[in-house]
Amino acid sequence: QTLGFFFKDAIKKFIVTQCILLPVTSLLLYIIKIGGDYFFIYAWLFTLVVSLVLVTIYADYIAPLFDKFIPLPEGELKQQIETMAKSIDFPLTKVYVVEGSKRSSHSNAYFYGFFKNKRIVLFDTLLEDYSALNKEPAEGEDGENEETKTKTKNKKQGCKNEEVLAVLGHELGHWKLGHTVKNIIISQMNSFLCFFLFAVLIGRKELFAAFGFYDTQPTLIGLMIIFQFIFSPYNEVLSFCLTVLSRRFEFQADAFAKELGKAKDLYSALIKLNKDNLGFPVSDWIFSMWHYSHPPLLERLQALKDAKQE
């Protein structure tokens, strides 16, 4: 990132965050105040609606404020993506390439959209043909020397078409196996539980007194105390359980890509992505079990190894 881009990005993020956070927080506090004994139900329904709206508009209206999205041009890769999506009944409507290289070398791919309107987004850093790092420098470019040219030539980034398809096979595995829906259900169940417990605890005067509020019980302060402090042990346990579940989902998605015949290409793609994303292949198993939502590279490669050899 250039310095100018960094500050421009930071200002955009601040403005967008405030435009969303301020009205949502204000409405939530208002609902809690006027909701009566069952305010936790109304508060949960409100946050559910807000979440669905944000998920719906994010990719089309918010993300383009920060990154440039262009349709993937007609060609072999697009045709192969459409064929693979059709083979598993994925309702694909559009495929985009996002200009992620202006931020970092991080590579990724994802899909979004509800019901029959699914779209796939590929980072330009994921594609060899789109990665800025792989482009040949213009001849006679000022300040260009042989050493720089050699480094640029030797440092390849991104994946071949077959490897991109393998990565997409993994991502589409999350959809086919219902991982996205399961995560939404778990998230909403947790949200409802938290609002219910908040309703039980909000009347406890000693919680406010512990933070110096002896005569008043401000709703916003109650939200901060209960969600940041009282729920802290619960959040740690929940985070660990979700990490374990996420790792299980990742192995299942890898297995799905393997069933599509993409084991060999996914094997090589994971190695390339780990390199491009500056990942370190070796991790302590206890640390990774607690902190890593994705299994370490070597564990994923081992799970794919037998199929790759076949």
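User: How do the axes of α6 and α9 cross, and at what angle?
Analyst: This is a predicted model. In it, the axes of α6 (residues 179–201) and α9 (residues 232–259) come within 12 Å and cross at roughly 170°. Angles over 145 degrees count as roughly antiparallel, so α6 and α9 are roughly antiparallel to each other.

User: Which residues make the contact?
Analyst: From α6, His 179, Lys 182, Asn 183, Ile 186, Asn 190, Leu 193 and Cys 194. From α9, Tyr 234, Leu 238, Leu 242, Leu 245, Phe 249, Gln 252 and Ala 253.

User: How many of those are nonpolar, polar or charged?
Analyst: Nine are nonpolar, four polar and one charged.

User: Switching to UniProt. Where does it put the "transmembrane region" feature?
Analyst: The unreviewed UniProt entry places it at residues 14–32, 38–59, 192–214 and 220–245.

User: What does the chain look like over 38–59? And over 220–245?
Analyst: Residues 38–59 are 95% helix and 0% strand, with the end C-alpha atoms 34 Å apart. Residues 220–245 are 96% helix and 0% strand, and there the end C-alpha atoms are 32 Å apart.

User: Now α5. Buried or exposed, for the most part?
Analyst: 12 of the 16 residues of α5 are buried, so α5 is largely enclosed by the rest of the structure. Among the buried ones are Glu 163, His 170, Glu 171 and His 174.

User: What is its span?
Analyst: α5 covers residues 161–176 and reaches 22 Å from its first C-alpha to its last, close to the 22 Å expected.

User: Which residue just after α5 has a positive phi?
Analyst: Gly 178, with a phi of about 75°.

Key: Residues are numbered from 1 along each chain as its sequence is written. This is a predicted model: local features need pLDDT of at least 70, side-chain atom pairs count only at pLDDT 80 or more; totals for chains, interfaces and linings use all residues. Side-chain values use heavy atoms; hydrogens and water are left out. Helices (H or I, at least four residues) and strands (E, at least two) are DSSP runs, numbered from the N terminus. The expected span of a helix is 1.5 Å times one less than its number of residues. Buried means under 20% relative accessible area, exposed over 50%, partly exposed in between (1.4 Å probe, protein chains only). UniProt positions are given in the numbering used here, feature names are shortened, and annotations may be inferred rather than shown by experiment. Axes are lines fitted to C-alpha atoms, for helices over the stretch in contact, and angles run from 0 to 180 degrees between N-to-C directions. Angles under 35 degrees count as roughly parallel, over 145 as roughly antiparallel, 65 to 115 as roughly perpendicular and the rest as oblique. Contact means heavy atoms within 4.5 Å. Ala, Val, Leu, Ile, Met, Phe, Trp, Tyr, Cys and Pro count as nonpolar, Asp, Glu, Lys and Arg as charged, and the others, Gly among them, as polar.
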